[in-house]
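Colleague: Before we discuss the fold, could you put the model on the screen?

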Amino acid sequence: MSNLFEQLTDKIKAENKFIVFPEGLDERVLTAASQLSASGILTPILLGDKHTIKQNAAKADVDVTSCKIIDPKNFPEFELMVETFVERRKGKVTAEEAREILLDENYFGTMLVHMNQADGLVSGAAHSTADTVRPALQIIKTKEGIKKTSGVFIMVRNDEKYVFADCAININPDSQDLAEIAVESANTAKLFDVDPRIAMLSFSTKGSAKSEETEKVVDALKLTKEKNPSLLIDGEFQFDAAFVPSVAAKKAPDSVLQGDANVFIFPSLEAGNIGYKIAQRLGEFEAVGPILQGLNKPVNDLSRGCSSDDVYKLALITAAQA
């Protein structure tokens with residue numbers, strides 16, 4: 001395991017966090033949960049029929065006796081959850097509708113987080129991103145002053161760590177969105193012991209080209225500085241001017257960054273998604289994420305092609321966010 005995850009393990013081990021896994025029947029989830037509970041890092045909450053979970057765990061040859069298992073259909077506080085959900089949705093659902101909705105494991109798991117019976121949620125091994133994110137937006141909601149959630153990757157290679165955002169959620173963020181993403185990405189960076197030096201990326205460096213797209217990034221920089229004047233941030237930059245000191249000296253000699261950025265805010269999802277995959281495949285970086293940011297409490301989304309190791313690592317990240 002990389003240093004990044006060893007550091008996270010040391011951070012969270014003493015805190016005894018509870019992380020809920022809505023996909024409690026999935027073999028990959030069961031394997032990760034058994035490892036997490038056996039090593040005393042955190043307490044997994046597995047959702048599903050208790051008998052079936054134990055049966056599936058036996059088939060996978062893993063021990064989940066140290067995990068907490070909750071069957072939504074036999075939950076003693078279900079009516080309280082229904083009442084709390086109706087209140088949270090502010091009249092958009094009736095109690096009868098809520099009873100049906102809360103039998104969906106992602107909604108049920110998200111309500112456990114909202115009701116402080118879990119510290120965070122990890123889902124997506126057998127569900128789409130929308131299935132994981134929608135309940136989070138309706139129940140957990142975004143932090144005050146944040147309109148949208150966003151998805152970051154921590155790019156890790158040996159001792160190098162960089163933050164790439166948004167690579168997962170917002171297709172065409174406007175200036176306000178980019179400013180929110182920059183502020184939240186700085187917070188995420190600190191969580192992973194990265195002292196944020198933020199570059200707002202574009203195909204232009206300091207006015208070398210002018211278009212609607214570049215002006216959007218220039219405006220986003222101003223808005224970010226207004227939101228948090230203490231951040232070390234600059235732009236707009238082409239990637240080389242943000243990352244290579246010799247290029248920065250020529251293209252942006254007056255910049256506070258001087259080619260030493262470690263948090264990169266991409267102007268669109270298209271650019272961010274392509275960028276992180278190039279770093280992953282050609283640069284041999286490990287791409288950790290997507291990590292969702294901007295929510296009041298941590299909810300994170302797995303890829304449906306994930307391994308048990310991916311589940312394990314994302315649970316560590318979620319516990320660290322909590």
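This is a predicted model: local features need pLDDT of at least 70, side-chain atom pairs count only at pLDDT 80 or more; totals for chains, interfaces and linings use all residues.

Modeller: Residues are numbered from 1 along each chain as its sequence is written, and side-chain values use heavy atoms, with hydrogens and water left out.

Colleague: In what order do the strands of the six-stranded open sheet follow one another?

Modeller: Strands here are DSSP runs of E with at least two residues, and helices are runs of H or I with at least four, both numbered from the N terminus; two strands pair if DSSP finds at least two bridges between them. On that basis six strands form an open sheet of mixed pairing, in the order β8-β7-β9-β6-β5-β10.

Colleague: Why is one side of β8 and of β10 left without a neighbour in the sheet?

Modeller: β8 (232–237) and β10 stand at the edges of the sheet, so one side of each has no neighbour, and the reason is that each has a single partner strand.

Colleague: By what angle are neighbouring strands of this sheet turned against each other on average?

Modeller: Axes are lines fitted to C-alpha atoms, for helices over the stretch in contact, and angles run from 0 to 180 degrees between N-to-C directions. For neighbouring strands of this sheet the direction is ignored, and the average turn is 20°.

Colleague: Which residue of β10 stands opposite G151?

Modeller: Strand β5 (residues 150–157) and β10 run antiparallel and are joined by six bridges. Within β10 (residues 286–293), six of the eight residues are buried, where buried means under 20% relative accessible area, exposed over 50%, and partly exposed in between, with a 1.4 Å probe and protein chains only. The residue opposite G151 is L292.

Colleague: What is the bridge partner of F164 in β9?

Modeller: Strand β6 (residues 160–165) pairs with strand β9 (residues 263–265) in the parallel sense, over three bridges. In β9, the partner of F164 is F264.

Colleague: At about what angle does helix α8 run to β9?

Modeller: Contact means heavy atoms within 4.5 Å. Helix α8 (residues 175–191) lies across β5, β6, β7 (197–201), β8, β9 and β10, and the angle of its run to β9 is about 160°.

Colleague: Is M155 buried or exposed?

Modeller: M155 has its place in strand β5. Leaving aside neighbours within four places in sequence, M155 is in contact with residues including Y162, F164, Y276, A279 and F285. With a relative accessible area of 1%, M155 is buried.

Colleague: Which residues does the peptide bond that is cis, with omega about 5°, join?

Modeller: Another cis peptide bond runs from G235 to E236, with omega near -10°, and E236 lies in strand β8. P290 has its place in strand β10, and the cis bond with omega about 5° joins G289 and P290.

Colleague: What is the order of the five-stranded open sheet?

Modeller: The edge strands are β3 (68–70) and β11 (299–301), each of which pairs on one side only. Strand β1 (residues 18–21) and strand β4 (residues 120–123) pair in the parallel sense over two bridges, with L121 in β4 as the bridge partner of V20. With parallel pairing, the order of this sheet is β3-β2-β1-β4-β11.

Colleague: What relative accessibility does T132 have?

Modeller: T132 has its place in helix α7 (residues 129–140), a helix that lies across β4 and β11 and runs at about 165° to β11. Leaving aside neighbours within four places in sequence, T132 is in contact with L121, S123, G124, V299, N300 and D301. T132 counts as buried, because its relative accessibility is 0%.

Colleague: Is D61 buried or exposed?

Modeller: D61 has its place in the loop between α3 (50–59) and β3, and its phi is near 60°, a positive value in a residue other than glycine. At 71% relative accessibility, D61 counts as exposed.
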